[in-house]
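Subject: Structure handover

Hello,

Here is the structure I said I would pass on. Please look through it first; my notes on what was found follow below.

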Amino acid sequence: MSTIMKTIYTKIKHRSESMPIKPHSTDSIPNQNLNKDITIQLVQPESSPDTDYVISRAFYPIFTIAIIAFDLFLLMLIYIVQQGTTITSDTWIKMGAKYVPCMKPLYSQTEQDVYNTQLKTQCELFFLPYQFFRFITPMFLHGSITHLISNLVYQALVEALLEGRYSMKILCLCYLLFGFSGNLMSALYNPKTISFGASGAVYGLVLFCIVDHIFRIFTIDDCHEKKRQFLMTFLVIPYFIMTIYSDVDCSDHTDHAAHIGGSIIGVLLAICLCKTPEFIVNRVPHGRIGVQSIALSLIFIYFVITLLIFYYLIPVNLK
C-alpha cells in the first residue's frame with residue numbers, strides 16, 4: 001500500500017535534566033552538537049476507497065426522508081382533491097399520472113376534433129398535448145397506503161444502503177432517470193392506460209444496488225467486508241424476484257413494462273458509476289473510461305430510440 005511520508009522537524013536543546021549523559025557514553029558521541037535539527041519521519045497509511053468504505057462516514061439519509069415525506073404529502077393531497085379514498089381516473093389525470101393522450105397528439109384529425117375538448121378538461125392546458133412532465137410525476141403518486149408502503153419499504157432500504165456511498169445529487173438524478181425510463185416504457189407498451197407509482201424507479205434503485213454490491217465483492221480485499229456485501233445483496237434480491245411473480249402492492253394492476261424500463265437504466269447507470277472489477281476493466285479498451293463510455297452511450301441510444309418510437313411510431317387513439 002502506498003504511504004504518505006510526513007516529516008517533522010524539531011529542535012532538541014541540551015538540558016541536563018532531560019537528557020542525561022552517562023560517563024561511559026561520552027566516548028561514543030564525541031563533539032556531538034545537541035542543538036542541531038533532527039529529522040523524524042512518520043509513516044501514515046494512505047486512505048483508499050476500500051478503507052474509506054469499511055470505516056463508513058456518518059451520514060443523514062436526507063434523500064430517503066425527503067422522498068418519503070413528499071410521497072406522503074401527495075397521497076394526502078390526492079385524498080383531499082378527491083374528497084375520499086376512492087380515486088377516479090379524472091383525478092389521476094389531473095394530478096399528473098401517465099396518460100398518453102395528454103402527452104402527444106391523437107392519431108387522427110377526426111379523433112382530435114371529437115376528444116380535444118374532453119382532453120382539455122382532463123389534462124388541463126399546461127403544455128397540452130405535449131405534457132412531457134408526465135414521464136416524471138407518476139413516480140410520486142400512489143393509489144393507496146398499501147401501494148405507498150410496498151414501494152417505500154424497499155425504496156428506503158435500498159436508498160439507505162446507497163446514500164452513504166453516493167452523494168444526494170447523484171441519487172436524485174438516478175432516481176429521476178429510473179422513473180423516467182419506467183414511465184417511458186410503460187407509455188410504449190400500455191398507451192391506453194392510466195398508470196402511476198414509483199415501482200419503475202424502485203426497480204432501477206434495486207438493480208443499481210445489486211450491481212453495486214456485486215461489484216464491491218470483487219473490488220474490496222477485506223474478507224469480512226466481502227461477506228457483508230454478499231448479505232446486503234440478498235436483502236434486495238428477494239424483492240426483485242418476488243415482484244416479478246406476484247402483485248406486492250395488492251393493486252391487481254402491476255405495470256411490468258415500467259419495471260423493465262427502470263431496471264434497464266438501473267443496470268447501465270450502475271456500470272457507469274460503480275467501481276468496476278479489474279477483470280472487466282482489463283478486457284475493455286481504455287479501461288475504466290472505456291466502460292463508462294460504453295454505458296453512457298447505451299443510455300443515450302436507449303432514450304433516443306424509445307422517445308422516437310413513442311412520438312413517431314406508436315399511434316394514439318381513444319376508440
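Cysteine 102 is buried, at a relative accessible area of 0%, where buried stands for under 20% relative accessible area, exposed for over 50% and partly exposed for what lies in between (1.4 Å probe, protein chains only). Cysteine 123 is buried as well, with 3%.

Before the rest, two remarks on how to read this. The model is predicted, so local features need pLDDT of at least 70 and side-chain atom pairs count only at pLDDT 80 or more, while totals for chains, interfaces and linings use all residues. Residues are numbered from 1 along each chain as its sequence is written, and side-chain values use heavy atoms, with hydrogens and water left out.

Disulfide

A disulfide here is a pair of cysteine sulfur atoms within 2.5 Å, and the count by this rule is 1. The bond joins cysteine 102 to cysteine 123, with an S to S distance of 1.6 Å. The angle about the S-S bond is -55°, and the link between cysteine 102 and cysteine 123 is left-handed. Cysteine 102 sits in the loop between helix H3 (89-95) and helix H4 (109-123), and cysteine 123 in helix H4, so the pair links distant parts of the chain, 21 residues apart. Helices are DSSP runs (H or I, at least four residues) and strands likewise (E, at least two), numbered from the N terminus.

Two other cysteines are worth a note. Cysteine 209 is buried at 0% relative accessibility, and the closest cysteine sulfur, in cysteine 274, is 9.0 Å from its own, too far for a bond. Cysteine 223 is exposed, at 55% relative accessibility.

Salt bridge

The structure holds 1 salt bridge, meaning a side-chain nitrogen of Lys or Arg within 4 Å of a carboxyl oxygen of Asp or Glu. Its partners are arginine 165 and aspartate 212, whose closest N and O atoms are 1.9 Å apart. Arginine 165 lies in the loop between helix H5 (145-163) and helix H6 (168-189), and aspartate 212 in helix H7 (residues 199-219), so the pair ties together parts that are 47 residues apart in sequence. Both arginine 165 and aspartate 212 are buried.

Nonpolar core

Which residues have the most contacts inside the largest nonpolar core? They are Leu162, Tyr175, Phe178, Phe208 and Phe310, in a core of 60 residues. A nonpolar core is a set of buried Ala, Val, Leu, Ile, Met, Phe, Trp, Tyr and Cys residues joined through side-chain atoms within 4.5 Å. H7 supplies the largest share of this core, 10 residues. Contact means heavy atoms within 4.5 Å; leaving aside neighbours within four places in sequence, phenylalanine 310 is in contact with residues including Val100, Phe135 and Leu184.

Helix H11 and the surface

Leucine 313 lies in helix H11 (residues 287-313) and is exposed, with a relative accessible area of 61%. Arginine 288 is also placed in helix H11 and is partly exposed, at 25% relative accessibility. Not counting residues up to four places away in sequence, arginine 288 touches several residues, among them Ile271, Cys274 and Val281. The C-alpha atoms of arginine 288 and threonine 276 are separated by 7.2 Å, at 12 residues apart along the chain.

Helix H2

Methionine 76 lies in helix H2 (residues 62-82) and is partly exposed, with a relative accessible area of 41%.

Regards
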